[in-house]
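Please look over the sequence and the structure shown below. The report that follows covers a sheet, a helix and a pair of domains.

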Amino acid sequence: MARVNVLLLALVMLCAVGVITSQHRARKVFVELEAEQAAAKKLDEEFTQLRLEQSTWATNKRVEALASKNLGMRLPEPETTMIVTLDNRAGGAPR
Amino acid sequence: MKFEKRAPQLRLKLEGWRSRFVLVMIISGFAALACRAFYLQAVQTDFLQAKGEARYGRVLDLPASRGSVMDRNGKPLAISTPVESIWITPDDVDEVPDAKIRILAQALGLPAEEVRQKIARKDRQFVYLKRQISPEQAAKVMALGIPGVFQQREFRRYYPAGDVMAHVVGFTGIEDNGQEGIELAEDARLAGSPGSRKVIKDRKGRVVEDVESMRPPKDGEPVTLSIDERLQFLAHRELKAAVEQAHARGGSLAIVDARTGEILALVNQPDYNPNNRTNVTGAQTRNRSVTDLFEPGSTMKPFTVAAALDSGIVTPSTMIATGQGSMQFAGWTISDTHANGTISVAQVIQKSSNIGSAKIMMQMSPERMGTLYRDLGFGTAPQTGFPGEAKGLLRPWTKWRPIEQATMSYGHGISVSLLQLARAYTVFTNDGELLPLTLMRRDAHAIGKRVITSETAVEVTRMMEMAVMPGGTAPRAQVPGYRVAGKTGTAHKAEMGGYAENKYRASFVGFGPVSHPRFIVAVMIDEPQGAKYYGGDVGAPVFSNVMGAALRMMSVPPDAPGTLNVQAPTGRSEG
């Protein structure tokens with residue numbers, strides 16, 4: 001009887017230590033998860049900022065101003081426009 | 001005696017009650033402890049556990065970000081990015097030496113005096129020093145380590161398209177709530193709801209465990225508009241140029257998809273920059289094309305003729321005598337700009353004859369016209385979901401006087417918004433069916449409501465095509481390479497119970513290409529100055545520029561290529 005009790009006590013002690021280590025590991029992993037989530041959030045925020053920046057650089061107004069001022073581009077006049085019609089009999093979709 | 005050998009003290013005879021007294025005291029002492037233990041364990045357990053948890057548990061707020069607004073192609077029109085607000089508890093900052101206050105003010109970019117004033121507000125526990133600064137700047141401020149200075153995460157709204165989209169998208173207030181435009185109309189969808197989570201923090205302040213399931217924050221939904229950013233920009237540029245050239249007080253322009261009823265562009269002048277609204281007035285923020293009413297003038301004539309054709313009262317070739325350009329009717333004078341003589345119904349539209357349309361109108365019952373106007377959506381808000389939509393003024397037909405009915409035939413005595421006018425024109429582009437308008441991208445097919453027969457729609461379209469040809473009122477509305485149709489409108493502004501002598505509203509509503517309509521463009525210029533104030537002179541060129549550029553931008557094949565250089569491809573390889 002006493003031997004069984006000692007055995008059980010040892011088992012209980014083992015389990016207790018097991019619980020403690022696994023709890024500790026769980027917390028460590030959780031902290032890592034938190035850090036990764038924070039990083040993800042930060043990247044998300046950076047993404048919106050970059051999206052904002054991109055759309056600010058790419059506004060039609062700015063592109064048009066750059067095209068006409070720096071590159072000297074202008075809209076083609078109807079007289080200088082050539083309309084190219086697709087010959088259906090030739091077959092094949094335009095690439 | 002046996003006891004006599006002992007010390008005399010021990011010979012004392014103790015009285016029996018004393019030992020019993022001590023026993024009772026000890027028992028009652030234990031009883032008190034047991035009661036206390038019971039009280040703590042059973043009665044106060046919740047309170048104590050909560051207190052204990054408060055030592056290591058924390059509730060974290062999880063802010064939700066506001067949904068972005070996008071155009072139909074997914075280009076961002078309004079985006080929230082995180083910013084920081086710096087706030088203080090004045091009592092704690094009080095002891096900070098003056099030199100450090102100066103450094104703080106410098107880091108914030110504020111005058112030191114302003115910071116001192118804010119610190120002096122002893123009646124408050126919470127004072128904002130500066131709101132919505134960049135996270136980098138906030139980090140610098142917090143690095144100073146001044147006690148009683150805190151930061152708070154907030155979101156700031158940016159509008160990359162700026163003034164081009166200002167009226168449609170609107171803006172939010174500093175508390176991130178919608179105040180104008182789509183931001184207001186769709187606030188419930190965009191706003192989202194913040195969440196929270198309960199956690200256990202360790203000694204170093206790291207979160208080590210979630211205590212209970214968290215309430216996740218619900219980010220606002222993105223809203224996709226029907227607006228096409230490129231068309232919007234085009235419309236904005238052309239309208240702005242036209243308003244400046246005509247020295248007009250304002251103007252509006254709408255582009256509507258002729259087949260789906262989606263609003264592709266909606267611009268107004270004057271406008272404002274939603275990113276910097278320091279000196280913005282109501283006149284600038286108003287979305288005139290939706291909220292402002294005006295008398296449409298001759299742009300209503302196609303509906304008069306459509307009703308007459310539908311009722312079989314006239315045919316396009318029925319001749320109408322308009323005489324010398326002046327007619328007496330019920331004690332009033334109806335006049336034309338030119339003497340047109342006897343002209344056909346089609347020419348009434350082409351030449352925009354007031355007398356002609358009044359004569360056609362008077363052959364119809366008020367009920368017929370009243371129901372037609374109602375079916376066309378006049379007098380009811382367009383239901384695009386935009387805040388402050390005007391319903392327009394349309395008196396019930398039962399109360400019409402004859403002169404009222406006559407003037408309504410050419411768009412006087414009735415008030416509409418530009419968007420209502422554009423909506424009514426969908427009957428011509430959609431085989432006689434009126435399409436509901438929307439500002440949201442429409443993925444399903446719109447269901448129209450029949451107002452006129454498709455034959456009538458074709459006939460009236462032909463007449464409106466004549467109006468933009470030589471001999472019509474608006475040859476300047478022509479678009480090279482495309483067949484377009486439209487109608488001019490010029491109305492005196494109604495002011496203080498009468499019509500202002502020299503204040504006008506010039507408008508033009510049209511669509512193209514006629515063979516397969518893609519766009520409806522409605523233009524209205526408010527009070528053009530100078531000798532040219534007619535819709536055909538002020539509105540039509542804007543229509544032409546916008547329509548032409550829009551058709552080219554969307555690669556719509558020309559349906560009248562006669563005026564263009566056309567070349568068939570020479571070889572297959574280049575296809």
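## The sheet in chain B

Strand S1 of chain B is joined by six bridges to strand S6 (residues 195–201) of chain B, and the two run antiparallel. Strands here are DSSP runs of E with at least two residues, helices are runs of H or I with at least four, and both are numbered from the N terminus. Two strands pair if DSSP finds at least two bridges between them. Across from B:Ile200 in S6(B) stands B:Gly57.

The open sheet has three strands of chain B in the order S1-S6-S7, with antiparallel pairing. Strand S1 (57–62) and strand S7 (207–210) of chain B are its edges, each pairing on one side only.

## Model and numbering

This is a predicted model, in which local features need pLDDT of at least 70 and side-chain atom pairs count only at pLDDT 80 or more, while totals for chains, interfaces and linings use all residues. Residues are numbered from 1 along each chain as its sequence is written, and chains are lettered from A and ligands numbered from 1 in the order in which they are written.

## A buried helix

Helix H15 (residues 354–361) of chain B is largely enclosed by the rest of the structure, because eight of its eight residues are buried. A residue is buried if 20 or more other C-beta atoms, placed from the backbone, lie within 10 Å of its own. Among the buried residues of H15(B) are B:Asn354, B:Lys359 and B:Met361.

## Two domains

An automatic or database assignment sets the domain bounds. Chain B is divided into domain 1 (63–194 + 217–224) and domain 2 (229–562). Their C-alpha centres lie 44 Å apart.

Terms used:
Buried ≥ 20, exposed ≤ 12 C-beta atoms within 10 Å, placed from the backbone.
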